[in-house]
Amino acid sequence: MSERQILDIENVQELLNRNDEIIRKIRDVNEEDKRAHGKQKYACTVTYGCQMNEHDSEKLNAMLMEMGYLSTDAFEKADLIIFNTCCVRENAELKVYGNLGHIKHIKESKPDLILAVCGCMMQQPHIVEEIKKQYKYVDLVFGTHNIQNFPALLEETMNKHQQVVEVWDSEGMIIEGMPIERKFDVKAYVNIMFGCNNFCSYCIVPYTRGRERSRRPEDILDEVKLLVEGGVKEIMVLGQNVNSYGNTFDSEYDFSDLLREINAIEGIERIRFMTSHPKDISEKLLVTMSECEHICEYLHLPVQSGSNAVLKKMNRKYTREKYLETVRRAKELIPELTLSTDIIVGFPGETDEDFEDTLDLVKQVGYDSAFTFIYSMRTGTPAATYDNQVPETVKHERFDRLLKTINPVIKSKIKAMQDEVVEVLVEKPAKNTEGYMMGRTRRNHTVTFPGDSSMVGKLVKVKITNPKTFSLSGEVVE
Ligand code: 5AD
Ligand code: SF4
């Protein structure tokens, strides 16, 4: 789908120069407004979904800041609102529609407010049609592949009094050198690849994010070096399926090689990565994790189901036995490892026995945390056409049973951390508790403790005094 002519920009530099020029123009207008009328412009970006979307919002925010906007969380204060949407499950979509309804009222009393929607939902033609018909007051619609074009789209929206829509259905080239506004000084996301080739039968992502493309190692390493020089201590390496990083390169260079190079960067403290696909995780990666001092003892390894029959229908391309063997080997090589996972219940055709297999696998692994989901039918995916959909009541029942199996294990692991001394990277003041800071352990536990902002970015040793399931608290001991 393309509403406008796809811009044929051969030269990335040309695109970056054009963006700079438009950003400057908009900044001049905003500054003139401020000078003449004392009016500061505000932008509000609301992000749904995964870390990829968070990172895309950082890119949008960087451009907005350069245009002279300040950021706000309050819709009422904003001159520009962007919803960066997710469509992995229906719930995420419903939230966006709910919020669009709310903004309609604000727009009625503030006609100059610009409302933009972007992200994964917009990659689906039926949703764009819905926005065009039912949400005519949305000023700008753009897709996941159009972010690099945001300045031109915003300028067009400002000059035109009708809805502007630009959604490319193909991914195009990887653009290096775009500005990025980082949310944390302590931690930063770094994309190493875009898209996904796996086509799990329930998942919409391959249709919204396009085919897998890996960034060149030198571009990634330059970015990490720049971040570390700027004070970043922890890098979260992002990709839909990091274990297939580099598959499109001519050379043998792979994800483990990249991690080793990142690990060697002077000044880096911690490295995390997500998401690993169990079908592609290699012995080489596990050995790399065990040998590189800065790679955290944390692995997110989505299993989705413990039943071989369901895994096959999901097109996951591994068995429960292979998954359990990977977990066994990972724990052998990295004894301190914490494991998290994603699980879907109620996939079409999932029988009671299939679900029992999932419960059994969960018990065998003993996860430290888990993201659990009720299967949500996504139009356009193969699983949406499967005829034996599981009734809602059964899905909810299974979901509750799954939580009752997982949660006590997580709880007992956390309880066992009483009096343990852990290394915490201090991130920011704790929410709602004056005089407390929060940070994370290498194994990805959130910890709060008495402290002040001068500790941000430091590694401190904290003794756990009160281990509660979702927040451990303690005291700094050195
Ligand atoms: N229904 C429910 N959960 C889904 N996920 C992806 N697609 C769906 C769907 N249609 C979950 C998977 C994935 C996580 C990011 O979202 O567990 O790992
Ligand atoms: Fe979706 Fe599967 Fe790709 Fe993950 S690996 S993004 S679940 S298709």
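Predicted model: local features only at pLDDT ≥ 70, side-chain atom pairs only at ≥ 80, totals over all residues.
Trainee: What makes β3 and β4 a pair of strands?

Mentor: Two strands pair if there are at least two bridges between them. Six bridges join β3, residues 80–85, to β4, and the two strands run parallel, so by that cut-off they count as a pair.

Trainee: How many bridges join β4 to β5?

Mentor: There are two, and β4 and β5, which covers residues 140–142, also run parallel. Because at least two bridges are needed, β4 and β5 are a pair as well. Val-117 has Val-141 as its bridge partner in β5, and β4, helix α4 (residues 125–134) and β5 make a right-handed β-α-β unit.

Trainee: Why is β4 called mostly covered?

Mentor: A residue is called buried when its relative accessible area is under 20%, and six of the six residues of β4, which spans residues 114–119, are buried. This holds for both directions: Ile-114, Ala-116 and Cys-118 point one way, Leu-115, Val-117 and Gly-119 point the other way, and all are buried.

Trainee: What do the buried residues of α3 pack against?

Mentor: They pack against β3, β4 and α4, and the buried residues are Ala-92, Glu-93, Val-96, Tyr-97, Leu-100, Ile-103, Ile-106 and Lys-107.

Trainee: Which elements do the buried residues of α13 pack against?

Mentor: They pack against β13, α12, β14, β18 and β19, and among the buried residues of α13 are Phe-399, Leu-402 and Ile-410.

Trainee: Why is Phe-199 called partly exposed?

Mentor: Partly exposed residues lie between the 20% limit for buried and the 50% limit for exposed, and Phe-199, at 29% relative accessible area, therefore falls between them. Phe-199 is in the loop between β8 and α6, and it is one of the residues around ligand 2, along with others including Cys-196, His-277 and Arg-316. By class, that shell has seven nonpolar, three polar and one charged residues.

Trainee: What makes the phi of Phe-199 stand out?

Mentor: Most residues other than glycine have a negative phi, whereas Phe-199 has a positive value, near 50 degrees. Asp-419, in the loop between α13 and β15, likewise is not a glycine and has a positive phi of about 70 degrees. Asp-419 counts as partly exposed because its relative accessibility is 45%.

Trainee: What is the omega of the bond joining Met-274 and Thr-275?

Mentor: Omega is about 10 degrees, and the peptide bond is cis, whereas most peptide bonds are trans. Thr-275 lies in the loop between β11 and α9.

How values were computed: Residues numbered from 1 in each chain as written. Chains lettered and ligands numbered in written order. Heavy atoms only, no water. Buried < 20%, exposed > 50% of the residue type's maximum accessible area, 1.4 Å probe, protein only. Helix = DSSP H or I, 4+ residues; strand = E, 2+ residues; numbered from the N terminus. Right-handed = clockwise from strand over helix to strand, strands pointing away. Contact = heavy atoms within 4.5 Å. Near = heavy atom within 4 Å. Nonpolar A, V, L, I, M, F, W, Y, C, P; charged D, E, K, R; others polar.
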